[in-house]
Amino acid sequence: MALRLGDTAPNFTAPTTEGEIDFHDWKGDSWAVLFSHPKDFTPVCTTELGMTAKLGDEFAKRNVKAIAVSVDSVDSHNGWVGDIEETQGTAVNFPIIGDPDRVVADLYDMIHPNADTTLTVRSLFIIGPDHTVKLMITYPASTGRNFDEVLRVIDSLQLTANHSVATPANWTKGDEVIVSPGLDDAAATEKFGSFNAVKPYLRYVADPST
Ligand code: BEZ
């Protein structure tokens, strides 16, 4: 059955460009972004892996480890990494899983046969410190992902994990947030001091993390 939010991210052992890993051991109690790309030596994938590498400090600040996967071999990945470095102007600073037997691709349902029978689509999973799946997005091969959006979602997930709030449309760190519907007015006052109730169910407070 396909993975769902809240499920434990399946564990696996796999070869990577940084050696053999046990996924849960490698991840430890960090957050993780596990993302598939269709194929090495292809243009959109080259820009995506370059962008992930460029954002390495942003991921590290948030205690997030990134890891990529495709059904190519580690030898293929190692050959491609030089092209990513040359064309995107950055060293690749995260592991890339070699998955020619589709072990990871199948565990995470990354092959969508009606889109492509052999290649992984652009799946992306954000996995929490407790190893559960917090977010899943799927893009087609022709559309590169927006990694600023990935960071934005991580900011939201980390904020809402620690405070009784939710984040509104297009929220970015520092913007006002929404008091969790699970908190009644008395509890919200106790927690936040005051809040702006536009409707009884739509109550704004300042970002409690800033
Ligand atoms: C790309 O990364 O550009 C790509 C990969 C597979 C199919 C189409 C595009």
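The structure is a predicted model, in which local features need pLDDT of at least 70, side-chain atom pairs count only at pLDDT 80 or more, and totals for chains, interfaces and linings use all residues. Residues are numbered from 1 along each chain as its sequence is written, and side-chain values use heavy atoms, with hydrogens and water left out.

**Ligand site**

Helices (H or I, at least four residues) and strands (E, at least two) are DSSP runs numbered from the N terminus.

| Residue | Protein atom | Distance to a ligand oxygen |
|---|---|---|
| T42 | side-chain N or O | 2.9 Å |
| P43 | backbone N or O | 3.4 Å |
| V44 | backbone N or O | 2.7 Å |

On its own the ligand has 260 Å² of accessible area, and the protein covers 74% of that. Accessible areas come from the Shrake-Rupley method with a 1.4 Å probe; for residues, only the protein chains shown count as cover.

F41 is in the loop between β3 (31–36) and α2. F41 has a positive phi of about 60° although it is not a glycine. Its relative accessible area is 47%, so F41 is partly exposed; buried means under 20%, exposed over 50%, and partly exposed in between (1.4 Å probe, protein chains only).

S76 belongs to helix α4 (residues 74–88). Its side chain makes a polar contact of 2.7 Å with the side chain of D40. Apart from neighbours within four places in sequence, S76 is in contact (heavy atoms within 4.5 Å) with D40 and F41.

**Other local features**

D109 is found in the loop between α5 (103–107) and β6 (122–127). Phi of D109 is positive, near 55°, and D109 is not a glycine. With a relative accessible area of 38%, D109 is partly exposed.

At the start of helix α7 (residues 185–192), a side-chain oxygen of D184 comes within 3.2 Å of the backbone nitrogen of A186. Just after α7, G193 has a positive phi of about 85°.

**Chain as a whole**

The protein chain has seven helices and eleven strands. Its domain assignment, which is automatic or from a database, gives domain 1 (13–144) and domain 2 (163–205). The centres of domain 1 and domain 2, taken over C-alpha atoms, are 35 Å apart. The C-alpha trace spans about 60 × 40 × 35 Å along its principal axes.

Of the 210 residues in the protein chain, 45% are buried. The accessible surface of the chain is about 10,200 Å², and 50% of it belongs to carbon and sulfur atoms. Among contacts between residues at least 6 apart in sequence, 66% join residues at least 24 apart.

Methods:
A polar contact is a pair of N or O atoms within 3.5 Å; within protein, one must be able to donate a hydrogen and the other to accept it, and residues adjacent in sequence count only if both atoms are side-chain atoms.
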